[in-house]
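Dear colleague,

I am handing over the structure below. My notes on what was found in it follow.

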Amino acid sequence: MRSFFDYLTEAAKVHATTGHLEHVGDLLYHGDPHSAIEHMEHVHNRFLGHHNDNHKLSLKVDGGMSIVVGRNHKGQHFVSYKTGSEQFTSPEQIAATGKEHYVRELTPILHHEKKMEGLKPGTAFQADIVHNSEEHADVTQPNAIKYKVPKHKKLVLAAHSQYSVGKDGSLSKTTSHPDVHSLTTKDTHAPDLAMGKNVHLKLDSKRHKEIQKHLGNARKLLTPEVADFAKSLHSGEGHNPRFHEFLKQYSNHEARTTGVRTVKGLTKHIDTYMGKSAQSKLKPDTQKKIRDSFHDTIKNNSHHFKTLFTIHDHINKAKHHLLDELEQNHKHHFDIHTHNNEEHEGMVSSLGRPGKNEVQAKLVREGPGGFPEKNTANAAIRFGKT
């Protein structure tokens, strides 16, 4: 059976930079269920003032387009979409793509980038665009959250990671705590999102005890038998090949709605999943086989699913305590601020070594009023999607 790290290594071959981040609780279903609890324990320890060189924690910022900015070995400045695969060194190259959003977003960034004196050849950064306009603005909304725009800044980039650039243009991640000073200019603001040793986090004693309780319960429930079943969901061993994707979609559905996963809810979601275009185009007999196999998997393993969902609930409750602490007592640590004191999106936990066995996960508030719900509502407004 493939390990979780093998899975991530394969994914890295497709996306050179940070792509979709899983909710920390969803790591239960992605090959190494223990990693979900390990991330939470490391974040918990970070709030207790303990540091581990194998773990990085950062503020998560809700940006717009994800991009790469850097300089190649020839010293040429380049900008790229988030994968870093197509690197543009001139406005003409960007225009030649025929993509209006590339021209609109990437062209001015390339212009600003050439003023970044600290950006060294052979170095690149993956970042989200928070603000990108020549017009003066006090507030910007790149996605679901509104942010204050620092005075006189035309470009605000939320940098998440730093890379070395190979002679062939390939990107190798060096850290999840990038040196954002390299990106700062008179017109550009790159907030430092890292929760390093310079950020002194503390944790309320009552929250500390609650987090200990929930993570302790999660550890006890994740027995070898339950862990083996969780691993089989990712490997597909003994299950319909579509089941893992179905489970992912169900978990994300609950993240943006109730915030709670149940066996009943999982069963009910079969109809939702089968109603999507990818499945609705299948032959009726194929659809029936998928439905029947899903029902059988859930029915025959309902005790395991119930346990996994209980573990997931403990992880989320511990996570929400940490997010409460971040929101109430640590917003002042960062040089990016939300408009009208809106809650920040959350945090990103990075465990392992970049380019080797690093696993990242996001910690955001789920359920009613949570970020996934806000993001879905905003997407419906911007793109007409649900």
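Confidence and findings

This is a predicted model, and the protein chain averages a pLDDT of 93, with 94% of the residues scoring at least 70. pLDDT is the predictor's confidence in each residue, from 0 to 100. Over residues 1–15 the pLDDT is below 50, and this stretch has 20 contacts in the model beyond near neighbours in sequence; contact means heavy atoms within 4.5 Å. Where pLDDT is low, the predicted coordinates should not be read in detail.

On conventions: residues are numbered from 1 along each chain as its sequence is written, and side-chain values use heavy atoms, with hydrogens and water left out. As the model is predicted, local features need pLDDT of at least 70 and side-chain atom pairs count only at pLDDT 80 or more, while totals for chains, interfaces and linings use all residues.

The overall fold

The protein chain has twelve helices and 13 strands (DSSP runs numbered from the N terminus: helices are H or I, at least four residues, and strands are E, at least two). Its radius of gyration is 22 Å, close to the 21 Å of the globule rule for 386 residues, so the chain is as compact as a globular protein of that length. That radius is taken over C-alpha atoms, and the rule is 2.2 Å times the number of residues to the power 0.38. Along the principal axes, the C-alpha trace spans about 60 × 55 × 40 Å.

Of the 386 residues, 51% count as buried (under 20% relative accessible area; exposed is over 50%, partly exposed in between, with a 1.4 Å probe and protein chains only). Among contacts between residues at least 6 apart in sequence, 70% join residues at least 24 apart.

Individual residues

V69 sits in strand β3 (residues 66–71) and is buried, at a relative accessible area of 1%. Leaving aside neighbours within four places in sequence, the contacts of V69 include F78, I109, F125 and L183.

Two residues deserve a look for their backbone angles. Most residues other than glycine have a negative phi. H152, not a glycine, has a positive phi of about 70 degrees; H152 lies in the loop between β8 (147–148) and β9 (155–165) and is exposed at 60% relative accessibility. N341, also not a glycine, has a positive phi of about 60 degrees. N341 is in the loop between α11 (302–329) and β12 (346–351) and is exposed, with a relative accessible area of 59%.

Regards
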